[in-house]
Amino acid sequence: MARERATALLVDFDGVLRRWDPAVAAGVERRYGLTPGVLGDIAMQWGRLQPVLVGQVSHADWMTSVADALASQSVDAERARAAVAEWQAYRGEVDPDVLAFVREVRAAGIPVGLATNATDLLDADLAALGLTDELDAVVNSSALGVHKPAKEYFRAACEALRTPPDRVLFVDDDDRMISGARVAGLSAYRWSGPEGLRYVRAALAY
């Protein structure tokens, strides 16, 4: 039997609604004489990243740990802190195609939630990017205390949208998140760019 079309939409933040220009980090690393890719490599080490995603560590403390790790690699401590601060000053850019789609969907009466593994900086980022009033719900892992792709995360996200999982469509650019959402009972679409909007639009009930 064919699945009913979704009546609510969940979208990931980084990689879907927000995009990052890799040239920014590369430029910082070049100016400070750092190994290419080192900032992201250190920040994304799971033992360092996981605590900030579940609210055990603040974004500021996470970045301090990145600077400390840089300094342990024979980078001057003051220079390491300056590099991290400059890198973090850039907060990404909104994908205009995705934002236009979110507005279209909400105008049709379908609630749209943001489902993101994020830090306590998320609200400030949404405000800085002009997104505060563009979503019906924001489900932040660091506020919830559990991150995607846990089933508990998706349960909370569906509750935030007041919609049962089998009527929620989730869009993310990470295969693990897609698999987790499906296990939790949601429909899910692996995002690879705006060309996917035709499929997502067809999967929604409007």
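**Exercise 1. Identify the buried residues of helix H9 (residues 151-161) in this predicted model, and state what covers them.**

Solution. Step 1: apply the criterion for burial, a relative accessible area under 20%. In H9, the residues that are buried are Tyr153, Phe154, Ala156, Ala157, Cys158 and Leu161.

Step 1: look for the elements in contact with these residues. The cover includes strands E1 (8-11), E4 (112-116) and E5, together with E6 and the helices H8 (141-144) and H10.

Step 2: inspect the residue after the helix. Arg162 follows H9 and has a positive phi, near 55°.

**Exercise 2. Determine the strand order of the five-stranded open sheet and name its edge strands.**

Solution. E1 is joined to E4 by three bridges, in parallel, and Val11 stands opposite Leu114 in E4. E1 also pairs with E6 in the parallel sense, over four bridges, with Ala8 opposite Val168 in E6.

Step 1: proceed from E6 (residues 168-172) to E7. Four bridges join these parallel strands, and Phe170 faces Ala188 of E7.

Step 2: The order is E5-E4-E1-E6-E7, with parallel pairing. Strand E5 (137-140) and strand E7 (187-190) are the edge strands, each pairing on one side only. On average, neighbouring strands of this sheet are turned by 20° against each other, direction ignored.

**Exercise 3. Describe which way the side chains of E1 point, and how helix H10 (residues 175-183) is placed on the sheet.**

Step 1: compare E1. Ala8 and Leu10 point one way, whereas Leu9 and Val11 point the other way. All four are buried.

Step 2: place the helix. H10 lies across E6 and E7 and runs at about 170° to E7.

**Exercise 4. Characterise the contact between domain 1 and domain 2.**

Solution. Domain 1 comprises 8-19 + 92-203, and domain 2 comprises 22-89. Their centres, taken over C-alpha atoms, are separated by 26 Å.

Step 1: Ten residues from domain 1 and nine residues from domain 2 take part in the contact.

Step 2: On the side of domain 1, Thr119, Asp120 and His147 supply 55% of the area buried against domain 2, more than any other three residues.

Methods. Residues are numbered from 1 along each chain as its sequence is written. This is a predicted model: local features need pLDDT of at least 70, side-chain atom pairs count only at pLDDT 80 or more; totals for chains, interfaces and linings use all residues. Side-chain values use heavy atoms; hydrogens and water are left out. Two strands pair if DSSP finds at least two bridges between them. Helices (H or I, at least four residues) and strands (E, at least two) are DSSP runs, numbered from the N terminus. Axes are lines fitted to C-alpha atoms, for helices over the stretch in contact, and angles run from 0 to 180 degrees between N-to-C directions. Contact means heavy atoms within 4.5 Å. Buried means under 20% relative accessible area, exposed over 50%, partly exposed in between (1.4 Å probe, protein chains only). Domain bounds come from an automatic or database domain assignment. Buried area is the accessible area (1.4 Å probe) that two parts lose on being put together, summed over both.
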